[in-house]
Amino acid sequence: MGGLGLRDLLGVLKDKASLSKAALLSKPSNVALQVAVLKATTHEPTNPPNQKQVAALLSFGHSSRLTASACIDALMGRLHQTRNSAVALKCLVIIHHIIRRGSFILQDQLSIYPSTGGRNYLNLSNFRDNASPESWELSSWVRWYATFLEQLLLTTRVLGFRFSSDSDKGEYRDKITALLNRDLLKEMGALVGVVEEICKAPDSLFLQGNRLIQEVISLMGEDYRSTQKEISFRVDELRQRVNSLSFEEAVELVRWLKRLENCKQRVIGLLFMNKKNTMIDVFWDSIGDVKTKIGSVKNYEEGKLLETGRLKKGSESDRFDGRVLRLGDPVNFSSSRFSLDLVTRQV
């Protein structure tokens with residue numbers, strides 16, 4: 001990235017001016033908060049917020065709801081007012097830490113920002129910083145990263161809990177087993193969406209060795225491992241339910257699995273540098289196995305299943321016919337362990 005240029009020097013001066021302004025003009029109760037946000041999101045283009053700075057911001061989530069709200073307001077204000085790609089990316093890194101490690105009250109304030117909107121407005125699809133080739137490329141990371149974080153927030157809402165790498169396997173196993181097929185497939189769709197967003201991460205030409213980008217990739221890698229684990233739980237459960245899936249549910253599941261498989265090479269190249277890994281192979285093999293089992297049980301090849309599903313979806317008479325339960329038809333419980341169809345075959 002070179003030595004300290006004019007742009008970098010101006011960035012240092014802006015940071016000092018912002019700190020002085022915050023100390024003089026902020027409400028006494030918010031001075032520490034404003035200073036913490038500014039120190040964690042400097043104009044320096046290569047270094048991410050350090051652990052001490054991240055911890056300082058996360059600590060505001062262990063106070064009152066008012067304090068947590070002020071923290072999110074300050075962070076979002078900084079994000080949306082800056083035109084500097086490094087500042088914007090550091091704000092997003094802090095938001096990512098809040099999603100993964102923040103207290104409930106801090107995450108709650110993030111999820112309802114702005115308070116009158118009831119949804120997230122990261123909305124950085126038009127962000128551009130054309131001051132240099134490096135800042136222009138960093139801008140593409142800002143746009144992608146904001147979209148990725150929005151998908152993480154969406155997936156957290158769909159699942160109903162914060163999925164992280166240290167979640168208890170037994171606890172969520174019980175929850176997944178109790179889900180209806182349609183809810184399980186909805187969660188699969190949200191999780192596949194996370195993997196698809198990971199695959200859209202920009203390729204970096206000018207930013208090789210940039211520690212800020214490396215931090216983003218590291219956090220993204222943690223999210224991928226968490227997502228892969230959650231997908232594995234649901235794929236294992238759906239494998240046991242194949243006999244109880246309706247035709248439409250089978251079509252939807254194959255569609256999600258196919259979209260997931262389309263991400264395989266990009267994920268392995270981006271996060272694992274194309275290195276061989278037994279756990280990675282086991283995961284992707286399990287995806288193919290479930291697709292094969294669906295084709296065998298439903299007596300359809302993958303392409304024919306998807307094509308027939310599209311045709312059948314367009315037929316109102318078929319949709320109505322599927323809602324009529326006839327004598328001897330299987331009853332779809334949340335898990336195939338309790339399928340009436342399995343019981344009647346043994347009688």
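1. A word on terms before the helix pairs: a helix axis here is a line fitted to the C-alpha atoms over the stretch in contact, and an angle between two axes runs from 0 to 180 degrees between N-to-C directions. Keep in mind as you read that this is a predicted model.

2. Start with H4 and H5. Helix H4 covers residues 65–81 and helix H5 covers residues 85–101; their axes sit 9 Å apart, at an angle of about 150 degrees. Angles over 145 degrees count as roughly antiparallel, so that is how H4 runs relative to H5. The crossing of H4 past H5 is left-handed.

3. Who touches whom in that pair? On the H4 side you have Ile 72, Leu 75, Met 76, Arg 78 and Leu 79, and they meet Val 87, Ala 88, Cys 91, Leu 92, Ile 94, Ile 95 and Ile 98 of H5. Sorted by class, the contact of H4 with H5 comes out as 11 nonpolar residues, no polar ones and one charged.

4. Setting aside neighbours within four places in sequence, Leu 92 is in contact with Leu 79, Leu 124, Val 142, Tyr 145, Ala 146 and Leu 149.

5. Leu 124 lies between helix H6 (104–111) and H7. Buried or exposed, then, for Leu 124? Buried, with a relative accessible area of 7%; the cut-off for buried is under 20%. Beyond its neighbours within four places in sequence, Leu 124 is in contact with Leu 79, His 80, Leu 92, Val 142, Arg 143 and Ala 146. From Leu 124 to Thr 147 there are 23 residues in sequence and 7.9 Å in space, C-alpha to C-alpha.

6. Now H7 with H9. The two axes cross at roughly 165 degrees and come within 9 Å, and H7 and H9 are therefore roughly antiparallel to each other. H7 goes past H9 in a left-handed crossing. From H7, the contact uses Trp 144, Thr 147, Phe 148, Gln 151, Leu 152, Thr 155, Val 158 and Leu 159; from H9, it uses Lys 186, Glu 187, Ala 190, Leu 191, Gly 193, Val 194, Glu 197 and Ile 198. By class, the contact of H7 with H9 splits into nine nonpolar, four polar and three charged residues.

7. H9 itself deserves a look. Helix H9 (residues 181–199) has 19 residues and spans 27 Å from its first C-alpha to its last, close to the 27 Å expected at 1.5 Å a residue. Of its 19 residues, 16 are buried, so H9 is largely enclosed by the rest of the structure.

8. H7 also packs against H10. Helix H7 (residues 133–159) and H10 have axes 12 Å apart, at an angle of about 30 degrees, which means H7 is roughly parallel to H10. This crossing of H7 past H10 is left-handed. On H7, the contact takes in Leu 138, Trp 141, Trp 144, Tyr 145, Phe 148, Leu 152 and Leu 159; on H10, it takes in Ile 213, Val 216, Ile 217, Leu 219, Met 220, Asp 223 and Arg 234. The class count for the contact of H7 with H10 is 12 nonpolar, no polar and two charged.

9. Thr 227 is buried, at a relative accessible area of 0%. Leaving out neighbours within four places in sequence, Thr 227 is in contact with Phe 163, Leu 191, Val 194 and Val 195.

10. Next, H12. In this helix (residues 264–272), Val 267, Ile 268, Leu 270, Leu 271 and Phe 272 are buried. The buried residues of H12 pack against H9, H10 and helix H13 (278–297). After H12 comes Met 273, with a positive phi near 50 degrees.

11. Finally, the whole chain. It has 16 helices and zero strands, and 47% of its 347 residues count as buried. Among contacts with a separation of 6 or more, 79% are between residues 24 or more positions apart.

Definitions and conventions:
Residues numbered from 1 in each chain as written. Predicted model: local features only at pLDDT ≥ 70, side-chain atom pairs only at ≥ 80, totals over all residues. Heavy atoms only, no water. Helix = DSSP H or I, 4+ residues; strand = E, 2+ residues; numbered from the N terminus. Parallel < 35°, antiparallel > 145°, perpendicular 65-115°, else oblique. Left-handed = near helix turned anticlockwise from the far one by under 90°. Contact = heavy atoms within 4.5 Å. Nonpolar A, V, L, I, M, F, W, Y, C, P; charged D, E, K, R; others polar. Buried < 20%, exposed > 50% of the residue type's maximum accessible area, 1.4 Å probe, protein only. Expected span 1.5 Å × (residues − 1).
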